[in-house]
Amino acid sequence: MSRHHKGVQAALLLALVVTASVTGCSPKDAADGSSGPDAKAGPALAAVDTLTVKGRAPKTGYDRARFGSPWADTDSNGCGTRDDILKRDLDDVKYRDGDCEVASGRLAPDPYTGKDVTFTRGRSQVDIDHLVALSDAWQKGAGKWEPSKRIAFANDPLNLLAVDAGPNRGKGDGDTATWLPPDKGYRCAYVARQVAVKKKYDVWVTGAERDAMKRVLSGCPKEKLPSGGGPTAAPGRFHAR
């Protein structure tokens, strides 16, 4: 192989690596034609265009209680939502009594940082994050919802993820335009989940948020739109302000 051809190959490889670091997708994705401006939009990327675009409404009236009691057992399995998500997302789970209250486990790895994090009840470094924050949803439609829909939203497994407490608390109520996971390799999946939740519950996005979603997902256009979770209305026995 000539020195010229080797130089071209090296330049192409460097471009793929740079693309991967910016978008959070692997060099393999770029090499097989699944990314780039001419790639066909996949389900998550295409779904961004189905979201309503509006300005952020005032936060007036927001309170956590408007979404019901924290971690209500809306699926009636006898366990609170927080323990359901811990059981789903942790490895090496141990319980206090029975198979409901999680006493310890490991995030291996934490999706936001890529590092392993130990969960110990009472001194936990693990939070359950609402991927679409309750306050963000309130300012983008949820302030007008029926209480049963807000309760369902707050406890929907599609919108919940066990994560390292540090970056989660730094996120606050940020949307895609203002916060992304430090681990770039998880950003495609993270944004796809936010799109799925907002589509499922008809939560709107700002123009800047829509553009940020497209920017991330354009680098991984084969990313699938997640589905599932709970119903969009909680059982009638649950109440919120």
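Biologist: How many residues of strand S5 are buried?

Modeller: This is a predicted model: local features need pLDDT of at least 70, side-chain atom pairs count only at pLDDT 80 or more, and totals for chains, interfaces and linings use all residues. Residues are numbered from 1 along each chain as its sequence is written, and side-chain values use heavy atoms, leaving out hydrogens and water. Strands (E, at least two residues) and helices (H or I, at least four) are DSSP runs numbered from the N terminus, while buried means under 20% relative accessible area, exposed over 50% and partly exposed in between (1.4 Å probe, protein chains only). S5 is mostly covered, and of its five residues the number buried is five.

Biologist: Which residue of S5 stands opposite Asp 127?

Modeller: Two strands pair if DSSP finds at least two bridges between them. S4 and S5 pair in the antiparallel sense over five bridges. In S5, the residue opposite Asp 127 is Val 163.

Biologist: Which helix is among the elements that cover the buried residues of H6, besides H5?

Modeller: Helix H6 (residues 147–154) is largely enclosed by the rest of the structure, because six of its eight residues are buried. Lys 149 and Phe 153 are among them. Their cover includes strand S4 (126–130), strand S5 (160–164), helix H5 (134–138) and H8.

Biologist: How far apart are the C-alpha atoms of Ala 189 and Pro 226?

Modeller: Ala 189 lies in helix H8 (residues 187–201). This residue counts as partly exposed because its relative accessibility is 23%. Pro 226 is 37 residues away along the chain, yet the C-alpha separation is 8.7 Å.

Terms used: Contact means heavy atoms within 4.5 Å.
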